[in-house]
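User: Please take a close look at one part of this model, namely the side-chain pairings. I would like a connected account of the charged pairs and then of the aromatic ones.

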Amino acid sequence: MTEVRPAGAAPGSLWERDTEVAAIAQAVRELRTDRSSSGRLLVFRGDAGLGKTALLAETHRVAEAHHCTVWSARGGETLKSVPFNVVRQLLQPALLSMLPEEAREYLGDWYDIAGPALGIADPGEQAPDPQGVTDGLVAAVRRLARREWPLVLLIDDAHWADLETLRWLSAFAQRLDDLSVLVVLACRNGEAAGERARHIDAVSAVAGRSVAALSALTPDAVAGLTRATVGEHADAPFCREVWAVTGGNPYDTVELLAKVQDSELEPTEASAPELRPLNKSARGGGLVARLEGLGVDATRFAWAAAILGAGITVEQVALLAGMGLDDAHRCARLLQGARILTTPDLAAGPVDDGDLVFVHPLIASAVYNSVPDALCRAMHGIAAQVVTDAGKGLAAASRHLLQVHPDGDEELVAQLREAAAEHLAVGAPDAALRCLERALAEPPPPDVHARVLFELGCATLLTAPSRTIAHLRAALSMPGLDGPERVDAVHRLSQALLHNDQLAEAVRTVEAEAARLGPGPARMRLQAVQFMWEGLYAGENSGPGRSERLAELAATCTGRDNAERALLILRGFDAMPHGESAEEVVELCDRALVNGRLAPGLDWTDKEWGLELPMMLASSYAYADRLDRAEALFTDALRAYDSAGWGGGHLALAHAYVGLGHRRRGRLRAAEKSLREALRLAEHVGRGLPLYWSATCNLVDTLIARGHVDEAWQVAEQSGFAPPYPSTIVLPDPRSVRGRLLLAVGRVQEGIDELQEAEKAAAARGHLNPVVVPWAVDLARALAVEDPERAGRLAADARRQAERFGTDTAIGEALRCAAALETGRRAVGLAAQAVAYLEASPCQYEHAAARVEYGVLSRSPAELNRGLTLARSCGADAVAAQAERALAGLGALEHR
């Protein structure tokens with residue numbers, strides 16, 4: 001029970017909030033005391049008017065009293081569509097106070113990615129993706145928090161925060177364990193929906209017990225507040241009626257008591273019936289009636305302020321309302337006197353760059369909703385012009401453009417397209433989509449319509465493949481896209497189909513378009529794309545003689561342009577899983593490079609050809625034992641996507657292939673780290689997509705190689721690493737890897753069945769390379785006892801295919817398998833040959849395993865010790881344990 005207003009509190013603001021105030025004080029003290037402590041997160045949730053803003057103001061007061069740095073921001077009901085609005089409010093004041101060189105130094109490598117999103121740097125040439133920007137913002141705030149310790153971040157009305165800010169906040173909340181910062185969040189119940197609600201719930205989940213659900217005041221608290229406000233002589237029936245009328249809502253209670261004082265109403269039982277009519281003027285229709293009572297000019301001024309929503313200046317309101325400055329200042333004073341508008345209070349929390357703010361968000365909402373619909377749309381159009389005339393750009397004006405009534409306005413379509421381009425340039429594709437979708441509703445002129453759809457498709461590639469498909473199909477079905485632009489659209493559509501696991505449809509789409517074109521560069525480009533998708537298809541060969549046709553085309557190519565280079569890469573990638581000569585594979589790939597590097601226009605961030613070609617090139621090198629070239633390409637991909645801020649599907653694939661490079665080299669610990677990061681990033685893009693399969697398959701394969709079988713099984717179970725398999729090729733073959741996993745966990749018959757399915761799939765596709773599709777060696781070992789004759793045939797065939805491919809790794813692995821099926825001196829001889837080949841290969845894990853197996857068969861402590869050293873350096877824990885057991889059995893453990 002609260003009978004006395006807390007000392008120093010604003011009237012009514014903190015009644016019955018002792019627990020929350022104590023939590024605030026404790027959190028601030030802990031922050032101030034220990035710089036090495038973990039971060040804290042406090043969340044205040046409740047209905048409108050329950051005092052969330054007051055608690056943030058109290059946090060601000062307590063934090064400043066403890067000499068903390070306080071940064072604040074607030075969401076706005078009409079500002080939800082403004083990307084990075086809230087995070088910019090938080091960070092811009094600190095960043096803009098720095099010199100540009102100082103800001104660049106503090107943000108480091110993230111400056112070029114996070115800087116444009118924060119409005120302190122110009123966008124780069126390549127549009128970043130949302131995940132990259134989110135990661136950049138997390139890094140930026142972490143660096144600034146260390147610089148500004150002790151730092152308190154306050155976010156009010158988070159239910160109205162923009163989606164981009166909430167993505168950052170959700171990610172940042174996960175990273176508070178090693179960062180001493182206090183984050184305090186206030187949000188209403190039930191106001192957020194969809195992805196916005198999911199992010200707020202994720203933040204609340206991190207906060208755990210530090211989420212406070214606020215409730216209305218009790219009758220006793222309202223009585224105490226009433227007497228503290230209007231006088232101790234307020235009688236009990238009057239106080240009880242105040243509570244009944246307001247429902248104990250602190251905001252409504254304070255507003256009602258202010259009106260009681262203004263009307264000089266006696267706080268007695270006789271006056272209690274007048275409370276209900278007085279209360280009606282605080283919200284909704286009553287507030288609107290009170291506003292209208294101030295006159296037409298004041299109403300128009302309030303409407304204009306509500307339309308602007310933020311940065312409310314008398315000058316801009318005057319322009320929007322169409323009135324002179326003298327009248328505007330008079331209206332501002334009237335509205336302040338009526339407790340509708342007020343001046344920003346620095347001590348109360350978040351402020352923007354305007355002269356005026358609404359007294360409470362409830363008032364702002366009521367005023368905005370009272371504007372007649374047609375007039376509201378028209379005023380938004382004028383507001384867009386006011387914002388652009390103020391030099392804030394079309395991206396800032398776009399929230400107003402979105403509200404204008406559709407009327408076939410070509411200029412509005414052009415403005416929305418330009419605003420979308422500005423949003424994409426800072427990593428806000430959702431905002432770009434809103435602009436482009438609104439442009440479609442205008443609608444655009446017939447000659448522009450298809451281009452708007454094409455731009456929509458480009459904005460969603462790799463973030464929402466299914467939406468991309470719909471937009472691009474619609475664009476291609478209407479006139480307006482011709483020449484290179486149409487070819488681009490077809491290629492983009494096929495890419496989206498690929499990433500949506502519709503590869504057969506991607507092939508048909510490109511093939512049909514190529515058939516429409518006559519001979520020339522456009523047709524050659526689409527033919528190359530068709531060969532590319534067919535090369536990635538995991539089903540049966542797309543057509544008879546495909547490899548032969550590709551070989552014929554590539555034979556005429558010298559690598560003089562990117563179309564020829566693409567065909568050379570495709571031919572090399574096709575030859576690699578088919579098990580053709582590795583020397584030829586490398587020679588084809590080398591011809592596709594320019595001075596040993598990717599040609600301009602074929603690099604990792606190129607949008608004309610896409611990431612698939614360099615991915616196929618690097619994979620060919622990786623499996624042809626040219627790991628130097630492969631690792632250089634994989635590292636370039638990681639660097640390119642980091643620099644461009646492409647942190648979604650692109651970066652996930654880059655980490656997956658860096659992990660593949662480490663796995664092939666035998667650096668299993670590094671491989672596991674890269675692949676876990678790839679899988680984490682892939683989760684954000686979507687399960688079941690090819691990039692998710694690549695990360696999962698390689699991680700499972702790496703964990704098996706390390707001997708961490710239980711972890712491999714756990715990853716497989718959690719990630720859905722089981723049939724049905726994707727329609728795209730995944731390297732290494734997922735059926736083979738799952739079969740190996742089943743054998744490793746003791747589910748032998750299931751493992752054999754899975755490997756036999758891998759055999760059928762490989763035969764249908766013509767994939768004979770035993771390194772890329774390693775089912776044969778594992779199946780041979782599994783059948784050694786049950787069916788030794790078939791096991792021997794499989795091992796012999798694997799050896800023939802390995803010798804045909806010709807790499808030391810392929811031959812050495814085939815010899816290891818053959819040795820495992822033999823006994824006595826024959827086994828020892830084969831094992832020795834395997835060691836000789838694998839010692840010459842760049843794949844150190846396989847070398848370590850072969851060395852230990854040879855040491856076991858030859859009972860050689862020297863070989864076992866060499867294998868043990870190699871296994872330990874690789875992180876191959878099971879192989880190292882095997883070597884240690886063998887050494888112990890020989891009584892030679894001390895000789896390590």
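**Side-chain pairings**

Analyst: E587 and R591 meet through their side chains in a salt bridge, at 3.3 Å from N to O; the term denotes a side-chain nitrogen of Lys or Arg within 4 Å of a carboxyl oxygen of Asp or Glu. Both residues belong to helix α29 and are 4 residues apart, about one turn of the helix. Helices here are DSSP runs (H or I, at least four residues), as are strands (E, at least two), numbered from the N terminus. E587 is partly exposed, with a relative accessible area of 38%, and R591 is also partly exposed, at 27%. Buried means under 20% relative accessible area, exposed over 50%, and partly exposed in between (1.4 Å probe, protein chains only).

The model is predicted: local features need pLDDT of at least 70 and side-chain atom pairs count only at pLDDT 80 or more, whereas totals for chains, interfaces and linings use all residues. Residues are numbered from 1 along each chain as its sequence is written, and side-chain values use heavy atoms, with hydrogens and water left out. The mean pLDDT (the predictor's confidence in each residue, from 0 to 100) is 89 for the chain, and 95% of its residues reach 70 or more.

The structure holds 64 salt bridges. One of them joins D178 to R142, with the closest N and O atoms 3.0 Å apart. D178 lies in the loop between α7 (163-173) and β4 (181-188) and R142 in helix α6 (residues 130-148), so this pair ties together parts that are 36 residues apart in sequence. R142 is buried, with a relative accessible area of 6%.

A further bridge links R851 and E839 (3.4 Å, N to O). Because R851 lies in helix α42 (residues 844-858) and E839 in helix α41 (residues 824-840), parts 12 residues apart in sequence are tied together. R851 is buried at 3%, while E839 is partly exposed at 43%.

Turning to the aromatic side chains, the whole structure contains 5 aromatic pairs. Rings of Phe, Tyr and Trp (its six-membered ring) pair if their centres lie within 6.5 Å; planes under 30 degrees apart count as stacked, over 60 as edge-to-face and the rest as tilted. The W604 and Y641 rings have centres 6.4 Å apart and planes at 75 degrees, so the pair is edge-to-face. This pair links distant parts of the chain, 37 residues apart: W604 in the loop between α29 (582-591) and α30 (612-623), and Y641 in helix α31 (residues 627-644). W604 is buried at 8% relative accessibility, and Y641 is buried at 2%.
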